[in-house]
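The following account leads through a protein model, beginning with a charged residue and moving on to the strands and helices. Please keep the sequence and the structure in view while reading.

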Amino acid sequence: MRLIRAVTPADVGGIMDLLVAAGDEINGMSSLRPYSDLIEARVERGVASFTSDVSEPGEEVYFFVLEDQHTGAIAGTGAVYAAVGLSEAFYSYRVSTRVFSSRELGVHNLVPTLFLTNDYTGKSEIGSLYVGAAHRGDHAGRLTSLSRLVFIAEHRKRFTDTVFAEMRGFQLPDGTSPFWEGIGRHFFSIPFPAADDMSARGNKLFIAELMPSLPIYVPLLPYSVQDAIGKVHTDTQPALRLLEREGFRYAGYIDIFDGGPTVEIATDDIRAVRDSVVASVRVGDVTGGTEWIVATRQLMDFRAAVASVRIDDDEVTVDAPTADRLQVTDGDTLRCLPLRPPRP
């Protein structure tokens with residue numbers, strides 16, 4: 001049985017164990033590293049964010065853990081960043097087009113280019129998604145990803161009018177990033193893991209100092225680099241498909257390190273914001289129920305799970321084990337979202 005909940009100070013060791021066990025699998029996930037100081041700071045910031053009094057989105061980071069309730073182990077992580085780039089610059093490449101035209105020669109060429117931008121500054125981001133290999137299946141990834149959107153729906157004023165997600169970029173089986181090798185390495189003179197590691201630690205000044213401010217002309221790049229633009233890592237394809245089914249779309253921005261696509265959505269168009277329902281709890285028989293994500297409506301006590309429930313008007317019937325997991329009883333309220341969107 002899995003449960004998503006807000007992080008607590010007691011989770012530092014469990015998160016460290018999860019990330020150490022992940023090994024090289026988390027390379028390219030710049031917000032997650034098995035460094036105790038980094039994890040302690042992330043947890044501390046998460047706890048402060050959940051307990052903060054917010055009138056508008058700021059630098060809050062709402063950090064969640066996936067808990068295996070059979071063992072008590074931390075099985076995964078996820079986060080929502082209320083507004084990025086306010087104190088630490090947030091960079092992306094915008095994939096644009098420049099026109100080169102000559103009437104005399106009868107030439108009109110559209111040339112794709114990459115511009116270094118800060119266009120996502122002040123926008124909300126979902127990220128830090130990871131589920132340990134031993135804990136995958138049984139909707140663990142879907143719960144970890146979508147519970148963040150349910151949290152946004154419940155606490156809408158804490159987030160901006162756009163939500164985006166950076167997807168992990170394509171890598172070769174040996175871990176090489178063609179995009180980095182074709183662009184970043186020439187300006188940074190360090191391996192991809194080292195640059196990504198520096199970014200994870202919050203040291204982003206080097207990006208502005210070393211990256212070219214002028215546009216990069218895509219046709220001048222090796223084909224392997226061109227092919228990697230906007231292409232996701234094999235392991236990230238399920239996460240991308242899930243977000244696309246929730247309405248997220250590629251908007252022409254890519255990660256500056258690995259070229260992975262950024263997808264975005266207007267916050268009020270998120271299915272969880274638009275279609276989730278608030279219902280009063282009744283603990284009872286759920287025969288004939290369907291699978292939903294059901295979540296408590298608190299901040300620090302936020303908890304979410306996948307459960308078979310029955311929804312009737314403004315009442316949700318949950319069984320006793322689900323009520324125990326969520327720590328709710330008759331008369332409490334839950335925010336509920338069908339596990340999967342309706343088929344078109």
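Asp268 is partly exposed, with a relative accessible area of 48%; here buried means under 20% relative accessible area, exposed over 50%, and partly exposed in between, for a 1.4 Å probe and protein chains only. This is a predicted model, in which local features need pLDDT of at least 70 and side-chain atom pairs count only at pLDDT 80 or more, while totals for chains, interfaces and linings use all residues. Residues are numbered from 1 along each chain as its sequence is written, and side-chain values use heavy atoms, with hydrogens and water left out.

The side chain of Asp268 meets that of Arg156 in a salt bridge, at 2.9 Å from N to O. The term denotes a side-chain nitrogen of Lys or Arg within 4 Å of a carboxyl oxygen of Asp or Glu. This pair links distant parts of the chain, 112 residues apart: Arg156 lies in the loop between helix H3 (140–154) and E7, and Asp268 in the loop between E10 and helix H9 (271–275). Helices (H or I, at least four residues) and strands (E, at least two) are DSSP runs, numbered from the N terminus.

Across the whole structure, a search finds 13 salt bridges. Another of the pairs is formed by the side chains of Arg271 and Glu246, again at 2.9 Å from N to O. Arg271 belongs to helix H9 and Glu246 to the loop between H8 and E9, so that the pair connects distant parts of the chain, 25 residues apart. Both Arg271 and Glu246 are buried. Asp11 forms a salt bridge with Arg5, the closest N and O atoms being 2.8 Å apart. Asp11 is buried, with a relative accessible area of 5%, and Arg5 is buried as well, at 11%. Arg5, Asp11 and Glu67 are linked in a network of salt bridges.

Which strand is largely enclosed by the rest of the structure? It is strand E6 (residues 124–131), because seven of its eight residues are buried. Five bridges join strand E3 (residues 74–81) to E6, and the two run antiparallel; strands count as paired if DSSP finds at least two bridges between them. Within this pairing, Gly76 has Val131 of E6 as its bridge partner. E6 also pairs with strand E7 (residues 162–166), in the parallel sense and over two bridges. There, Glu125 stands opposite Phe164 in E7.

A further antiparallel pairing unites strand E9 (residues 249–254) and strand E10 (residues 261–266) over three bridges. Tyr250 has Val263 in E10 as its bridge partner. The hairpin of E9 and E10 has six residues between the strands, and Gly259 in this hairpin takes a positive phi near 75°.

Turning to the helices, H4 (residues 178–188) has as its buried residues Pro178, Phe179, Trp180, Gly182, Ile183, Gly184 and Phe188. Ser189 follows H4 and has a positive phi, near 60°. Helix H8 (residues 237–245) contains Arg241, which is partly exposed with a relative accessible area of 41%.

The last stop is strand E12 (residues 290–295), where Glu291 is placed. Glu291 is partly exposed, with a relative accessible area of 39%. The C-alpha atoms of Glu291 and Arg310 are separated by 8.8 Å, the two residues being 19 residues apart along the chain.
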